[in-house]
Amino acid sequence: MTEKKKDLGQEILKEINQDQAETEHVRKPFLGKAAIPLLAIVTGLIIGALLIALTSQSVYAAFGESIGKGFSQAFSEIGTAYKALFTGAIGDPVRMINALGSDDAKEIRQAFNPILESLVQSTPYIFAGLAVALGFRSGLFNIGVEGQLFIGAACATFVGYSITGLPAWIHMPLAFLAGALGGAFWGFIPGFLKAKTGGHEVINTIMMNWIAFRLTEWLLSGPMTRPSSGGMPISPIIEKSAEIPQFFPSPIRFHLGFFIALVVAYVIWWILFKTTWGLNLRTVGTNPRAAKYAGLSTTKSIILAMSLSGALAGMAGAVQILAVNRSMALGLSSGYGFDSIALALIGNTHPLGVVLASILFGTLRNGATRMMVVSSIPIDIVDVVQAIILMFVAAPAIIRSIYRLRKPKQEEEQIFLSGWGGQS
Amino acid sequence: MTTTSGVIEHKRIVEISTPRKIVMGVVEILIGLLIYLAFVAKTSEEALTKFVMTPGGIDQGLMADWILPSKLTLTILAVISLAIGLYQVIRGFGKWTNLMIGICALCLIFGFLVWQAADKSLNLAGMLSSAVLLAVPITLGAFSGILAERSGIINISIEGMMLMASMAAAVVGSVTKNAWLGLLGGILSSILLALILGVLSIKYKVNQTISGTVINIFSTGMTAFISQKFLQHIEGLNNPKMFSRVPLPGLADIPLIGPILFNQNLFVYLMFLILIILQVALFQTRWGLRLRSVGEHPKAADTLGINVIKTRYMGVILSGLVAGIAGAFFTLGSVGRFDEGMTAGKGFIGLAAMIFGNWMPLGAMGAGMLFGFADAIGSKLSLLGSTIPPQFMAMAPYLITMIVLAGFIGKGQAPAAEGEPYEKE
């Protein structure tokens, strides 16, 4: 499996370089492109640390005694919190090394569970991030990933539990596909409205989110409810044959879905950069006027892009149901939809970037769960940090002025998003 | 150019294209048919609908109950919609098109109520009164959007500003035990976010949709963080004094209208006040002309010596101010405490109301009222024992928003330079 991963990485890296050589004439080192996102992440974490210190009552109490005590208390709180974040996300290094030496397979698995769990958490992010990135590439802002994810999850769940007696090699892909189709349909509607009526996709996708929430609420407490649930809005458990397999015995949840996500990322990259359709889509996205003059159909492109974006979001929901949750409840998503916007932008709307950013965010969120247990810091701090990272990535000039970086010689690629009027 | 003429003339040109004219007419005819087929056909001849015309708990401006023959009322509503639709298809209503589809929508809603309440009693005045209250955040959100967008900045972060303001208002209101200071706190927090939006969009020229999203994510995370860290443990931080009902002397005694419009809390009156100020300021003053010119044609405005950057900052900050009032409404005017995510998409619905109202304050308020009404129906109908699942009723405002966006967005109505950063050459 590591071979596959490396292969994909190299392929995509090669493509980045080619892409740059084609479009920008000057080759920049990879780090140059990653510098802003990396610095943005570091700055975001620093501000997160400040927030932890500023909202801690014991820090204020210590400052009341003396300034030195205050600072040491602040640093120790930040230290505890971020240490919990790290061990929760990656694992305890000492325990990992000892486990490797001990030859005890169970202990090895458990020592490495945090990092594997981080990959589990990253999986829906990869799909959702790709969904938003694909939208951006075609000039569309899909904030509806959350709703598409819910609909996708509902469809996958339904196929997962209602059909029985199928062999796993048909049932599992079928359920996954159902999720993708459900999401695609939920993305198609705002895409169609945008293309045909000019109704802005930002508002429409948000409205579709709320409709999706209410709809799943109704489904889970009505037609799709578990007979023994006693009124709780929860679906029946899916059939064994619909499950996406996990590699290790419980409680380690690392599953095949992660690799499916990598393959899908590769496919999206291939579509975007290797096919004519992808080129058309990107042209519509970066320069709709030129696309119009070139005779490209923006209508078709918008509808297809939104549907595909929705399909990806639906896959995020499907993979979560089929591989991890195995039944659907209302608390399915911890805000993947909104997080994915940040992911897509931090990943520079490139599939490889999105994969990397997703792994980073999955890791952060996984660690934050432990941080919440250890230091009782609400997990929502991740959202705050994300917003700050997103802000810095969107406005690189701020990062440049903080770290006194030089301005790049040419303009960064701008994402084109139109106003309310639709296509100008 | 339509853009320049929009600046020079006071009124914007609303052009209705032929296909749009036809589509609108067909929609109106369909509404008429829907009323006839779904409601009239299923109502018995002698059914009576009783509407109570005084909201509960009010003793001023009383009015007798309305008792309507259900079937006859529904037939009249269907005929009105069909007539409007036919005229629309054949002749067209021109600039009244939006108003006419609004009337058809009202017929549909009223018809729905008559049908649902056939042989039952429904407190219509109570529903309208709560509709006005529910319309407040949406209408104020739309005003907030108008202020920003007329100056050329798309503000999709109204939702985030409202959420932050609702929390700040709750906390400040609880700590100081003063609702007015709470309101002020809410407004200030929202203005702060507006400043960030302004700096990102104007100074750093970040795509405005993205900078709005930054603020939305930040607000969602920050309010949830603070709520879980403090508000849920310390009761004294989330127990603000609310603005209570203040009947306006004289006006509150008017039957029906008095209890609905003039026996409400401060936020409803603020909504009317801002409506008047905005309508006058935007279209009758030099200030408004400048703001609009910056949104329509910044280069021309700059040539005439208007400071584009400064004007846009002003628009965004005022937008934050109004969004702050809208946010404070949730905690100080409606619920009385802060809950996570309590704005529930109202900021976005406000944007839809702004578009529906054609970027005009009066139109935006009309649209806001319509959304508020759709919201109120959902909560009241469950009391009537309706067979429709409450989740579907709750979908109504969102569905209406989408239909409105699909049907009403016309070309050349949004401020022309909206969404584009201004670069001096």
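1. Domain bounds, as used in this note, come from an automatic or database domain assignment. For chain B, that assignment gives two parts, with domain 1 covering residues 1–119 and domain 2 covering residues 127–393. The structure under review is a predicted model, and the points below should be read with that in mind.

2. The two domains of chain B may be considered together. Contacts between them involve 19 residues of domain 1 and 24 residues of domain 2 of chain B. On the domain 1 side, the elements that give two or more residues are helix 1 (2–8) and helix 4 (97–116) of chain B. Helix 4 of chain B provides the largest share of that side, namely five residues. By residue type, the domain 1 side that touches domain 2 of chain B consists of nine nonpolar and 10 polar residues, with no charged ones.

3. Chain B also contains an open sheet. Three strands form this sheet in the order 2-1-3, and their pairing is mixed. Strand 2 (66–69) and strand 3 (121–123) of chain B stand at the edges; each has a single partner strand, so one side of each is left without a neighbour in the sheet. Ignoring direction, neighbouring strands of the sheet are turned by 25° against each other on average.

4. The pairing of strand 1 with strand 2 can be followed at the residue level. Strand 1 (residues 48–52) of chain B runs antiparallel to strand 2 of chain B, and four bridges join the two. Opposite B:T49 stands B:L68, which belongs to strand 2 of chain B. A helix is also placed against the sheet: helix 5 (residues 124–150) of chain B lies across strand 1 and strand 3 of chain B. The angle between helix 5 and strand 3 of chain B is about 30°.

5. Which helix of chain B gives the most to the side that touches chain A? The contact between the chains involves 41 residues of chain B and 41 residues of chain A. Helix 8 (208–231), helix 14 (346–356) and helix 16 (390–408) of chain B each supply at least two residues to the chain B side. Of the elements on that side, helix 8 of chain B gives the most, with 14 residues. The chain B side that touches chain A divides into 27 nonpolar, 11 polar and three charged residues.

6. Chain A has 18 helices and zero strands. Of its 424 residues, 52% are buried. Among contacts in chain A between residues at least 6 apart in sequence, 77% join residues at least 24 apart.

7. Is A:L39 buried or partly exposed? It counts as partly exposed because it has 19 C-beta neighbours inside 10 Å, whereas a buried residue needs 20 or more. Setting aside residues up to four places away in sequence, A:L39 touches A:I399 and A:Y403. The C-alpha atoms of A:L39 and A:I402 are separated by 9.7 Å, although the two residues are 363 residues apart along the chain.

8. The average pLDDT of chain A is 83, and 88% of the residues score at least 70. Over residues 1–5 of chain A, however, the pLDDT is below 50, and this stretch has three contacts beyond near neighbours in sequence. Residues 19–29 of chain A also have a pLDDT below 50, with seven contacts beyond near neighbours in sequence.

Note on methods:
Residues are numbered from 1 along each chain as its sequence is written. Chains are lettered from A and ligands numbered from 1 in the order in which they are written. This is a predicted model: local features need pLDDT of at least 70, side-chain atom pairs count only at pLDDT 80 or more; totals for chains, interfaces and linings use all residues. Ala, Val, Leu, Ile, Met, Phe, Trp, Tyr, Cys and Pro count as nonpolar, Asp, Glu, Lys and Arg as charged, and the others, Gly among them, as polar. pLDDT is the predictor's confidence in each residue, from 0 to 100. Two strands pair if DSSP finds at least two bridges between them. Axes are lines fitted to C-alpha atoms, for helices over the stretch in contact, and angles run from 0 to 180 degrees between N-to-C directions. A residue is buried if 20 or more other C-beta atoms lie within 10 Å of its own, exposed if 12 or fewer, and partly exposed in between; C-beta atoms are placed from the backbone.
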